[in-house]
Amino acid sequence: MIIVLAVLFAVSILTPLFFSWWGRSTFYLLTGILSAAFLWTFFYLPVVIPADQDAPIGAPNAPPAEVVSWIPQLGVELAFRMDILALVMSMLITGVGAAVMLYCARYFPRGERGAGPFAAQLFAFAAAMLGLVLSDDLVMLFIFWELTTVLSFLLIGYSAHRIFARRSAIQALVVTTFGGLIMLVGLLWLGELAGSYRLSDILASAAELNGTAVDIALALILIGAISKSALVPFHFWLPAAMAAPTPVSAYLHAAAMVKAGIYLVARFAPGFYDTAFWLPLVLGLGLLTMLIGAYRALRQTDIKLILAYGTVSQLGFLMMVNGLGTEDAALAGLAMLLAHGLFKAALFMVVGIIDHNTGTRDLRVLSGIGAAQRPLLIISAVAVASMAGLPPLFGFVAKEVVFESFYGYAEVNGTWGWVVLGGVVLASALTVAYSARFLWGAFAAKRHPAGHPAAGTALPQTQFHHHPDAVFLAAPALLAAATVLFAVAPQPLQQLMEPFAALFEPVDPAVEPTYLALWHGLTPVLGLSALTWALGLGLFWRRGRNGRALHALPEALDAERLYRVSIRHLDDFAAWVTSKTQRGSLGWYLFIIMAVATGVPAGVIAFTGHTIPGHFILAEGPMQVVLGVLIIAGGLGAVWAPKRFIAVLTVSLCGWGIAGQFALQGAPDLALTLLLVESIILVVFVLALRTLPAGIWTQNPTRFRFGRALLGAGFGLIVMIAAAIAMDRRVAEPVSVEYPWMSYDVGHGANIVNVTLVDIRVWDTFGEISVLAAAATGVASLIFVKRRDVQRRQLHEVPTGSVGRVLSDKALSPRQAKEVQVARSFATVAREAWLVAGRTLAPEHRSIIFEVVTRLMFHAIILISVYLLLAGHNTPGGGFAGGLLAGLAFVLRYLAGGRYELEAAIPFSAGALMGWGLAVACFTGVVPLIFGGQAFQSFVVDLQLPVLGEHHLVSSVLFDVGVYLVVIGLIVDVLRSLGSEIDVRSEQEHRRDSAGGHSIHSQTSLGVAR
Amino acid sequence: MTINLTLLVVMGAMLAVGIYLLLERSLTRVLLGIILISNGVNLLILQTSGRAGEPPIVRDGMEAGDYLDPLPQALLLTAIVIAFAMVALLLALIYRSWVLGRQDEVTDDEEDRRVAATIGAHDPEEDADVGTETSEFIDAVDPATGTVRSVSPAEPRDDAATALTEGSRGAGES
């Protein structure tokens, strides 16, 4: 079974490929495969019929089954089991499926583009449906169930360009998925109650399963079945689903998919028909559906819709019979299921042929087809007669048994039984009437109705474009022939279905079990049948030809309207919930996140036992306390500072204070690095934000000041407590006790921190410098947008005093204008410039003292940075500190001499610097591999230099060189982006705005060195 | 392990002020908040190395435990430099936001506002009444003539059209 299913799904996946090769002839292949599957089911006959139908898998004389474990932890397995019910359904699915595929080979035009995926979906549906009926595992059953739902959605929406098709597809999906999800709850609940997800196990232990929980679980499962089989109040999706191509209607919405609900009822009925909600739901809704469906079918003018509402009606009928839970009803239900599949699929195919050849399905337009298309008429007459329950057809045979079982049920159960029987007879009469209406509407020669201008005259004869060929007619003809065949020779079916019926008790021990036959003798049931024919034909004769003569159902009962209103309310509710939770305010989300991050650890700390830490010291020394106060003051200053730069300064104060703490704790590397970083951050901050207004004002001042303060304090407190508890409970020896000897003997360096960075944990550092390069690229791309290395003018082309010149004094106050003039007078230099590009700056921006200091210090700083880099292996320093210091030197050059000075100081692309840095780092990683070592393994090279004497060169120092280059690249990139480029932009804007109007730049960028 | 109260309190204060600033609307303050939070976290990592010790430069006669634990220091060094890169990136973002929108604030998401506005709104296509179609082949091309097939070839076009609209109306009503 598993192999067959797998093959079917595989073929479905390959179908679009076949389609691109063979076009619509692919349908012949699919027909062949499904026919083979149909024949395959016959091989099970001799095994399944004598088997013990209710024996679970593994029991002696159990029906054939295959089990593969899938998720053993959850008890989910690929369990398939072939009993009578599954066998009958499999035959219906594969048999009708093969016929539908054959029909498709003519239904679709030759070059239809969408037909490939369509064929794949239709074929996959056959596989999914087969999987559904074979599944013996509740979870697998549900998966196949939903698979059929999804495929039905795709197939209904085949004509995706039509609103009606799209809407119908979504409607069918929503309704059946809704039912499916409710069913899932019921299935899982039942599985938990029974302690097994094996369907056969659950049914075998059904006798022990009782109580309200089981009742409710079964009711939930029934809701799934009812929604799938389109019973009231879910019936409206099925007529709308007629937007699908007719083969789909014939297969999914008549013969196969809608039968899934019936199948489910038939599957659970042997064990659970006596639960509290079963019979009221099945009989009540079934009868209501049967009546409403049949009544509405009588009013339709579209022959396909007559069939659709007829199907709704018949599904109610089937639900009642299959759910009744008596021996006779089980036999009748299965027979009726088969009969309905045969005649309804055939009729849909006939409708498709008419639509295909005339371009309409409107019975007020169609006229006189019967006379011209004899074979079609014969096929339809047979199928319609079977639908109406006329002898000698299988529909009649099945309906006789159904009446028989309801009659027997009524005799035993009294009033309610008679009510049900009466309802069924009435609905059957309506069925006869709409059957007649269908045949008349599709084939009869008609006259214009009263009220038409040409009332009374004959409608024009409807012409077929083509004569439907034998292949097109073959499928419905075969199905109609089967209807006759099973009526004449019902014994094989009787033998097949008897073991299933034997699962049930007879309604009364005295009642003889019924059997399938054309002639039972002159029984009251035959009288009932005759009554339905007479009533039905009379109704058709009086009212059936004019649908308007019948009253429409009141609007309040229109389930589709109800559906649309509820979907709209659901949409509104979803939007409401979204607008309440997804408020669009980042601050709000952060607040929630931080509140959770505070609340959850607080709860954990509060509700678990902790001892108060015993070892406290106030501080390592008084200096630490002083610095601590300074740091906190800096932090609070950032909150109260009214201006950006004051806030930045106070935050820098924190950084310097923390650098001091590092030094006091005994971490000189950290102190050095943090000092350098803080200095550079300060400069970068000022450079980036100089174009923004000085004051931190906002258009929407942040609210909830108190709440935020409370949250901040709470979070800080929780981290303090958590840190104290964690540190107090530390038991393990730190891994780093091994570091000193490792760094000295293996890493060949005395500075443990540095060796850790470039050797012990070198992969971390390698990752970090990659991040640095990425961040620098990010900065550059945010500022330059297009390309990083903008070609600047050559230094000698730049006119003296042109950079950052205040072009007009108009925007300045008299006091500012005077300041500018004084600054200009100081900036005139007589002698050669101290810096190469100093002359390019506008006089008001020059500071000669700054230029001189820069001139004196630049080379010294660079030398120190190289020293830090090389000596860092043994003394505080290293690639990071060295790189930062060198970067600081370039910051000095830029601040003193402007952007041309920066270009003169470092004529390389920042990207190239970082790229070389990464390359060097990679190189030190890869070289040891070449010599058979591990990546990044250090080695020592002893050099005997003539003047400098003996030297040890450790390879990891080379890695530090890579770090050094990356850090310099980062800082240069940041300087060029946030410094030079913003300079250029503000100057351009300045020039534009100098003619008139106030620019933000002209007011804020004054006084900042360019 | 001994707990240094000063470092603990300073860390808590940094985090508290940092969270407070992080929740502001002004982007500059948010960035300052991030810097303060990273300061606080740095102090937390520093505390895990325990009491103050000797600088971790290997010298003779020292026990491994005499040095200040070098592992947190290596982590911190990495963290400090990464924080610098992040600050630079955020600064560039703030500048960009200023250039593009002339604002340096965290603004509310317009898309979310739009979602809130859809409550009770009607989609015309969703809500339109569409009649049932009475053929799948209305717009099919007739292979014989190469033209779009008329609704009912048996009748004149306008007649067929009225019949069709009547049909769809009837189906819609029922």
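This is a predicted model: local features need pLDDT of at least 70, side-chain atom pairs count only at pLDDT 80 or more; totals for chains, interfaces and linings use all residues.
**A:His990.** I started with how open A:His990 is: it counts as partly exposed because 19 other C-beta atoms lie within 10 Å. (A residue is buried with 20 or more other C-beta atoms within 10 Å of its own, exposed with 12 or fewer, and partly exposed in between; the C-beta atoms are placed from the backbone.) I found A:His990 in helix H36 (residues 955–993) of chain A. Helices here are DSSP runs of H or I with at least four residues, strands are runs of E with at least two, and both are numbered from the N terminus. I also checked A:His990 against A:Gly804: they are 186 residues apart in sequence and 9.2 Å apart in space, C-alpha to C-alpha.

Residues are numbered from 1 along each chain as its sequence is written, while chains are lettered from A and ligands numbered from 1 in the order in which they are written.

- A:Asn61 is not a glycine, yet has a positive phi near 60 degrees. I found A:Asn61 in the loop between helix H3 (45–48) and S1 of chain A, and A:Asn61 counts as exposed because it has 9 C-beta neighbours inside 10 Å.
- A:Ala230 also shows a positive phi, about 60 degrees, without being a glycine. A:Ala230 sits in the loop between H9 and H10 of chain A. Buried or exposed, I wondered about A:Ala230? A:Ala230 is buried, since 29 other C-beta atoms lie within 10 Å.
- A:Val232 and A:Pro233 are joined by a cis peptide bond, with omega about 5 degrees. A:Pro233 is in the loop between helix H9 (212–228) and helix H10 (237–240) of chain A.
- A:Pro391 and A:Pro392 are joined by a cis peptide bond too, with omega about 0 degrees. I placed A:Pro392 in the loop between helix H17 (374–388) and helix H18 (394–413) of chain A.

Strand S1 (residues 65–71) and strand S2 (residues 76–81) of chain A run antiparallel, and six bridges join them. (Strands pair if DSSP finds at least two bridges between them.) I saw A:Ile71 opposite A:Val76 in S2(A). Four residues lie between the strands of this hairpin, and A:Gly75 takes a positive phi near 70 degrees there.

**Two helices in chain A.** Helix H4 (residues 84–107) and helix H20 (residues 470–488) of chain A pack at an angle of about 155 degrees, with axes 7 Å apart. The axes are lines fitted to C-alpha atoms, for helices over the stretch in contact, and angles run from 0 to 180 degrees between N-to-C directions. H4(A) and H20(A) are therefore roughly antiparallel to each other. (Under 35 degrees is roughly parallel, over 145 roughly antiparallel, 65 to 115 roughly perpendicular, and the rest oblique.) In their contact I counted eleven nonpolar residues, no polar ones and one charged. Nonpolar takes in Ala, Val, Leu, Ile, Met, Phe, Trp, Tyr, Cys and Pro, charged takes in Asp, Glu, Lys and Arg, and the others, Gly among them, are polar.

**Chain B.** I got six helices and one strand for chain B, in the order β-α-α-α-α-α-α from the N terminus. Of its 174 residues, 50% count as buried.

**Where the chains meet.** How many residues does each chain put into the contact? Chain A gives 136 residues and chain B 110. (Two residues are in contact if their C-beta atoms, placed from the backbone, lie within 7 Å.) On the chain B side, H3(B) has the largest share, 23 residues. By class, that side of chain B has 68 nonpolar, 23 polar and 19 charged residues.

Then I went for details. Strand S3 (residues 616–617) of chain A pairs with S1(B) in the parallel sense over two bridges, and A:Phe616 stands opposite B:Ile3 in S1(B). Helix H30 (residues 752–760) of chain A and H3(B) have axes that come within 9 Å and cross at roughly 60 degrees, which makes H30(A) oblique to H3(B). The residues in contact include A:Ile752 and A:Leu757 of H30(A), and B:Leu71 and B:Leu77 of H3(B).
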